Each structure stands twice: as C-alpha cells, then as structure tokens.
Amino acid sequence: MNNLPAQFTSLVGREREVVKVRGLLRRPEVRLLTLTGPGGIGKTRLGLQVVEGLLRDFDDEVFFVPLASISDPTLLASVIAQTVNVKEVVGQTVLQSLMDALRDKRALLFLDNFEQVLEASAVVASLLQAAPQMKVMVTSRAALRVYGEQEFPVPALGLPDPQRLDVEGVDHEAVLMQYPSVRLFVERASAVKPDFVLSKANASAVAKICCRLDGLPLAIELAAARVKLLAPQLLLERLDKRLEVLTGGMRGVPERQRTLRSTIDWSYHLLTGAEQALFRRLGVFMGGWTFEAAEAICSTDGGVDLDLFDNLESLLDKSLIRRDEGTAPEATSRFVMLQTIREYAVECLVASGDADVLRKRHAAYFVDLAETAEQHLTGSQQGVWFERLDREHDNLTSALQWAVEAGHAETAARLSGALWRFWRMRGHLSTGRRWLEATLTGSQAVPAARRLKVLLGAAVLAEHQADYERALPLLEESRAVAQELDDTQSLAFVLNALGNIAMNECDFARAQPLYEESLALRKQQGDKQGLLQSLNNLGWAALEQGDYERAGALLSESDVLGRQLGDQGRIARSLHYRGIIACERGDYATARKHYEESLALRQALDDKWGVAESLEAFAGLAALERRPAHALHLAGAATTLRASIGAPLFPVGKVRLDRWLQIARDALGARAVEQAWVAGRALSPAEALAETEQQAQAEAVTIAIDTEKQANQVAEITDTDYFQTLKQQAGKLRKRGK
C-alpha cells in the first residue's frame, strides 16, 4: 500500500541524484536519509521520484506524509498515524500506538517539509528504534541531527559556464540543451508559450538567467513563466536590476535561500501596486481560497483600488498563484499558492502592517462559513456542506488556531462549537477534541450559550472515543449550564448523550429512561431533528433488548421523519438497525437491502464512523450466509478503519459481531481465520466492499461445511444466551468502574 501523489510534470536533470539516493536507501546501515537544501531546490520532487522506484523494496508499504500545512511539532505523531492508518488507543499516547503498529513493518516513511517541525526529531528517532525494519526519508531545509542520520544535500541543476556563453562559433542551442537548468527553462516556457524554442537569438539570455538563479528549479520555473510577457533578453535585464538591489536577503540563512528570496521578490516587484496588495493579502489563506473568500477578505481597498478580477487573473498568469483543479466543484473557482511563495506573501503582509486586520477578517469570514454550514449539517444539503467544510478545513483550523493563540475566546468558541459535527462525521475525533479542549481552557468569559455548544461537542467526541472519564463530567457541566439557561433543547441533548454512553456499556436499564426523558422534552419543544434522533435511539434500545416489534415500529417512524427532514445520516442509521432486525429474524435478503441503502448514504456523506459500522454489518451478514472468509475480510477492514479514526467498537456492538463471526471462525479453522483476518486488515473499505458475490460464492464452495453441524451450532446460540452475554458484559464494565 502506498499513497504517493501523482506527478504532472517531468523531472528534469535529476538522473544521477535519483540513482545515488536509491543506492543509499538500499544500504542496510542507512535507516534515516535526509534530503537537505534551500526552499525551491526540488527536494520533494526528487524524493517522490526516488521512492517510486523503491515500492518493491518495501513491499509497497511506502507512506508519503506531507507536513507543509503544520507548524506545531506536537502534531507530528498524529499526522503520521493518520497517514498510515494507525489507531489511537485510549490510555496510550499516539506515539506509543504508532511504535506498536510499525514495530514489525518493512516500510518507508517519506516525511516531507520537516523543517517546520524540527523540534519533533525525537519522534523519528523513537520510531526508528521501535521498528528495526523500517526506514525514513525526510526532506528538510535543515538536518534533523538524529543519531545515525545520513544527509544528502540536494544540489542545484547543472549550469553552463557563464564565461563561455558568448564565445563565437559555439552552437548554443545544441550545447546548452545538455544542461538540466536550461532544459527545465525551455520545457516550462514552452508550456505557457507553445511556440517558444531555444534559438540563437535567445539561447545566451536563457543560459544567463539560469546562472543568475543558481540553478534553483523553483526560481527557474518562475522566470520561465514570464516569457509570456517578456522575451528572455528583456527578462534578463529585469533580473539583473532586481538582484543588484536585493543581494544578501535575510541574515542567518543559506546563500541559495537568499537567491530564492530574491527571485520571489523580483516577481513581487514586477507587479503593480494593486497586484502587490492582493498578493500579500492572499497569504492569509491556508490551503487555498475561493474567489468569494478573496473578495470578502482581501478586496477592501486600504488606499489601493483592487479590481479583484483583473488582479487575480494577473497573479494567475504570472504563476504566483494557480488554479486548484479537482478539489472544488465546477461552479467554484479555487486557487492556491505554493508554500514557499505563501511564506513570502505572509512576510510581506506582516511588513505592511495589515496582518492583524487581515487575520481578523479571515477569522470572521470562516466563523460565518462554519456557522452557516452548521445549520445544514443535519438537513437535505448536508453532503454539500460537509464537502465545503472539507475543502476549507485548513482555513478553518488556521482561523481557530489564531483565535486561540491571540486570546479571541468568543471567536474560538463560535468556530469550534460549529465544527464538532463535521469533525465527528469525518473521523477527525482527536483533532476536534484537541481544539475543543483548547477553546474551553480560555472560554470562562465567553457567553454561557456559546460555551455550552463547545462543552457538548467535546463531550460527544470524547464519548465516540469511549473516553467516558472525560465525557461524563463534560456532560454534567453541560446539564448544569443548560438548566441555568433554561435551555430545554440542550438539556434533551445531554440526556440523549448520557443514554448513548449507557447503551455503549450494555446498561439498557439506565439508557431507556434517559432516552425517554429526552424524547419527552423534544416533543414539548417541537424539535423535529431531536425527535428523529430520539426515535432512532429508542429503536436501538428496543432492538438490543430483543423487542423487535417495538424496535421496528420506532425505526419505521424514524425513517419516515428522516426522509421528511432529508437527514441522510439519521436515515442511514435507521436502515442499519432495521437490517440488524432482519438478520436476527433470518431474513437476509431484506437485511442486505437495508444495509446497502444505509451504506450508500454513509459513503455519500463520507461518514467514516458509519462506514465502519456498515462494514461490520456486512461482515455479520456474510457469516450468517456461510461466507466465512469474506466475513472476516470485512470485519478486518472495519477494524483498520476504526483504528485510523480512533473510534473503538463499543461492547454493545462487539457482543453481536463476535456472535456472528464465531460462525465464520468455526467454519474455517484457526490458520484460515488468521489468514483471512490479516488479509482483511490490509484492505481499504472500498476494496473490502468490492469483493464480488461470485468470489464469495466460489469461496463457500471450496470450504467443506457440514450443513447439519452448522444448523446445530447456530441453534446453540439462542437469544437467551445472547442477552445473558450482554448482561454479563454490562456487569463487568460496572465492576471496572466504567
């Protein structure tokens, strides 16, 4: 398995470096290899080319971990864990979980842009020590200084001898095209100006441009993009003047980094005053922006007339920004900056004195977006709004980080209070909890109603990770605040959440009255969304207690209301429970129909929690239908997915799943069970669900099964035994003080 991003341009002039780096990584004594060099030297592109040729060396276990969007060293272990789909274990640090998961893997981690988290170098050392077969390749502007590190300074692209560029009789076109820097310039120039070719008229100027830019790929590409506006000879004149003015750059950084800064600075000073103002203001965005966002945040004049259409198009043409293809719907224009260029834009913004104003506008815009989205996250347009929050997640967390760090407590509370449902749906449980807790720390002066939303969100995410030691006090505080505010709707929410915890622990006697009290309050308030949730949960409670008639009636009522409200998430849950009832009654065709419809809704919403639950449902169905290996494949894939989002399978679900999977285990035997489970753990959800019915049937034929014996085994697992098991499980949990 690998997650290497696709490359859309050729790698020019790095053949020798690719061979050398691959050779180093194949040496047994090299465990940590760091590609070092200034920004723009091409470390990432070289690294990707290297690892593409090493997939077989590492059994395709190559993981690309981009770090450009984070600057907090404490997040490194979490980012790596999310990339390699390692679960978070309650009571254990993320690093410990990561070390345990990688201990026996022959894998390659590719950590990109590590210079932003250099203080976390000890994390890399710990992983290497824990996983003796694993290797790590890093790109960074500075070495990690970890014991055993092999550093590989990435050189600039090969350059011609500037002393010979104007020698008479030299065939410039043929000779100069042998140099990688010149080839890169020509290739990128012809991409923006298809009729561009290296000729006797421009060859010398092109070569001099490459030399002036020290053979740095990013600088050359920025220069080449300008041939649409300026011939190479005129471009060289501008470049000469700009470098003379800006020699030296920032102190305390490598000389080549100064040259790169000069290149970007030169590009900046080619802009008009209005273009410069827009360019530096766009640095406020993290992970891209829409035209509408730029209009709201950046077009306020500040003494400069900003025509957003013309100036944004000019920045696009001059390669300082680019269209973000593929992440936004066709009706939306979205733009991004290269990270290095964005860093320069941010510095310009700070120097202009406008940074605080722009950060406030940015936060205000994304608070409004989050709160608008929140209103639609349980309605018929929830899929559209979840996708929009996905695209803006970097901006939302950037705004939240600024609000927390700058002490804007109410802004932080509004953002985190609006986002927790999104974090839950997308499986960002640990991330969401971290921001919600950080918000609570500084929220004592925030209006109680806003703080209450943060408390509720933090409680729900803690409950989803089975961290009841944190969830319960959060819910008790929420109940007190709700009662003080006479907020019946929130009080009903608290009661429902307390019921969920009781259900998760198989304590049905405690859950039932909590659900019923919550339902009564919601009926009084006319809260249809809350009523829908309560009907679902009461149906679930009846199901788990074996009252299938009452459960079916409640869930049918829930389904009707859910379709009226357009709440796809709750419809999916109702269908899921109805599928379980059908399974328990032996009506597997109906169960499959309900499960398939539920899964389709969950996939449309990218509900990772829900998809894991659906995988487990299909696993149980496969076991009941005598497809044991397929059942274990699905269950294994569900376990992997749960691990990736840090969402454990609660006891109430585990008891039923284990009961069904035992049928599969009995049919296979220990060795085959282990093989099927391991194979399933390696599957993505899509791969597990794509296993065809034909394969499943063929698998069933190849396994000798005594039908009479199976019937006896199933008969032995009676409803009475099942519910007795649930009661025993609840008793054990209570004894442990859960």
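Which helix holds S614? The place of S614 is in helix α29, residues 608-624, where helices (H or I, at least four residues) and strands (E, at least two) are DSSP runs numbered from the N terminus. The model is a predicted one, so to speak: local features need pLDDT of at least 70, side-chain atom pairs count only at pLDDT 80 or more, and totals for chains, interfaces and linings use all residues. Residues are numbered from 1 along each chain as its sequence is written, and side-chain values use heavy atoms, with hydrogens and water left out.

Back to S614, then. At 3% relative accessibility, S614 counts as buried; buried means under 20% relative accessible area, exposed over 50%, and partly exposed in between (1.4 Å probe, protein chains only). Leaving out residues up to four places away in sequence, S614 touches S598, L599 and R602, contact being heavy atoms within 4.5 Å. With R602 there is also a polar contact of 2.9 Å, side chain to side chain. A polar contact here is a pair of N or O atoms within 3.5 Å; within protein, one must be able to donate a hydrogen and the other to accept it, and residues adjacent in sequence count only if both atoms are side-chain atoms.

Zooming out, the protein chain has 36 helices and eight strands. Of its 738 residues, 54% count as buried. Among contacts in the chain with a separation of 6 or more, 72% come from residues 24 or more positions apart. The chain exposes about 32100 Å², and carbon and sulfur atoms supply 50% of that; accessible areas come from the Shrake-Rupley method with a 1.4 Å probe, and for residues only the protein chains shown count as cover.

Next, the sheet. Five strands form an open sheet in the order β2-β3-β4-β1-β5, with parallel pairing; two strands pair if DSSP finds at least two bridges between them. The edges are β2 (62-66) and β5 (149-153), each of which pairs on one side only. On average, neighbouring strands of this sheet are turned by 15 degrees against each other, direction ignored. Axes are lines fitted to C-alpha atoms, for helices over the stretch in contact, and angles run from 0 to 180 degrees between N-to-C directions.

Going through the pairings, β2 and β3 run parallel over five bridges, and P66 has D112 as its bridge partner in β3. Four bridges link β3 and β4, again in the parallel sense; here L108 is partnered by K135 of β4. Strand β1 (residues 32-36) is joined to β5 by five bridges, also parallel, and Q150 in β5 is the bridge partner of L33. Helix α1 (residues 15-26) lies across β1, β4 (135-140) and β5, running at about 180 degrees to β5.

How many residues of strand β3 are buried? Five of the five in β3 (residues 108-112) are. In a regular strand the side chains alternate between the two faces of the sheet. For β3 both faces are covered: L108, F110 and D112 sit on one side, L109 and L111 on the other, and all are buried.

Two glutamines are worth a look. Q512 lies in helix α24 (residues 508-525) and is buried, with a relative accessible area of 14%. Its side chain makes a polar contact with that of E516 at 3.0 Å. Setting aside neighbours within four places in sequence, Q512 is in contact with L538, A541, Q545 and R550. Q276 lies in helix α12 (residues 273-282) and is buried too, at a relative accessible area of 15%. The side chain of Q276 reaches the backbone oxygen of Y268 at 3.1 Å. Beyond four places in sequence, Q276 touches Y268, H269 and L271. Q276 and A345 are 69 residues apart in sequence, yet 9.2 Å apart in space, C-alpha to C-alpha.

Finally, the cysteines. A disulfide is a covalent bond between the sulfur atoms of two cysteines. A search of the whole structure finds zero disulfides, the criterion being a pair of cysteine sulfur atoms within 2.5 Å. C211 is in no disulfide, and the nearest cysteine sulfur, that of C210, is 6.9 Å away. C211 is buried, with a relative accessible area of 17%, and C298 counts as buried at 0% relative accessibility.
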